[in-house]
Amino acid sequence: MKLLFRSIYRVFTMSKPQVVFVLGGPGAGKGTQCSNIVSKFGFVHLSAGDLLRAERNKPDSKYGELIDTHIKNGTIVPVEVTCKLIQNAMEASTANRFLIDGFPRNKDNMTGWTRTIGDQVELLFVLFLDCPEEICIERCMKRGAAGSGRADDNLESLKKRIVTFVNDSMPIIEHFKEKNLVKKVEAGKNAADVWVEICKLFKDL
Ligand code: UP5
Ligand code: MG
């Protein structure tokens, strides 16, 4: 509802909430770099994965089991669930600029987003963190070994996450590329070097 009022307000002020989608394979550094962007450029970070894990952890959630199964299998939760969580988080915020991390990651996500939120926001661009598969796996395995507690930081889930990324998420990135909306950063380098490249994309917004 708040988003609706805000939308009405923005009809008069001509401004909509601004969104950057942050996409990339598992362990590409989406969360790490989003934290940097929040600190330096004042965006609000909404990680679809974090929102889903928080929902799964609620004892009374009717989606807990569904989310858990998808996360362990590296498959994608139906958009109705994810989009609602993103929408609620946006409505709960007074901010005007959002990083939406790890979404949209398949066709179902795209359709659902376009149907429910699409026109109410201004999509600035898509930040694509392009990271080689073996580095993605190495980073997530290392994080798992250090005790991340994530149910999907194991080799079996990771292989599935990579397959989903290649088959389902890359076509979405291609779709945005055709619309000239993708800004790609080589994400296999060390975090500080990746950050230097990202700063160049955000400094004049
Ligand atoms: N690290 C980061 N950058 C580094 C660098 N440059 N050099 C060396 N190390 C670096 O980083 C991962 C690890 O690498 C960390 O230990 C970090 O210190 C280090 P992180 O910043 O967390 O990378 P990120 O890309 O965020 O990796 P993440 O594992 O979160 O990506 P996923 O896309 O796999 O996970 P997400 O949480 O988005 O989704 C999990 C699951 O939720 C999905 O598989 C899916 O089942 C479900 N999901 C949906 O169904 N729908 C959605 O919309 C979203 C998720
Ligand atoms: Mg993440």
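**Aromatic pairs and the ligand**

Reply: The structure holds eight aromatic pairs. Two rings of Phe, Tyr or Trp (its six-membered ring) pair if their centres lie within 6.5 Å; planes under 30 degrees apart are stacked, over 60 edge-to-face, the rest tilted. The model is predicted: local features need pLDDT of at least 70, side-chain atom pairs count only at pLDDT 80 or more, and totals for chains, interfaces and linings use all residues. Residues are numbered from 1 along each chain as its sequence is written, chains are lettered from A and ligands numbered from 1 in the order written, and side-chain values use heavy atoms, without hydrogens and water.

Me: Are the rings of phenylalanine 21 and phenylalanine 176 stacked, edge-to-face or tilted?

Reply: Their centres are 5.8 Å apart. Their planes are at 45°, so the pair is tilted.

Me: Is phenylalanine 21 buried or exposed?

Reply: Buried means under 20% relative accessible area, exposed over 50%, partly exposed in between (1.4 Å probe, protein chains only). Phenylalanine 21 has 1% relative accessibility, so this residue is buried.

Me: Which ring lies under the charged end of lysine 183?

Reply: A charge sits over a ring if NZ of Lys or CZ of Arg is within 6 Å of the ring centre and within 35 degrees of the ring normal. For lysine 183, the distance to the centre is 5.2 Å, and the ring is that of phenylalanine 125.

Me: Which residue has a backbone N or O atom 2.7 Å from an oxygen atom of ligand 1?

Reply: The side chain of arginine 53 has an N or O atom 2.8 Å from a ligand 1 oxygen. At 2.7 Å, the backbone atom belongs to valine 77.

Notes
A polar contact is a pair of N or O atoms within 3.5 Å; within protein, one must be able to donate a hydrogen and the other to accept it, and residues adjacent in sequence count only if both atoms are side-chain atoms.
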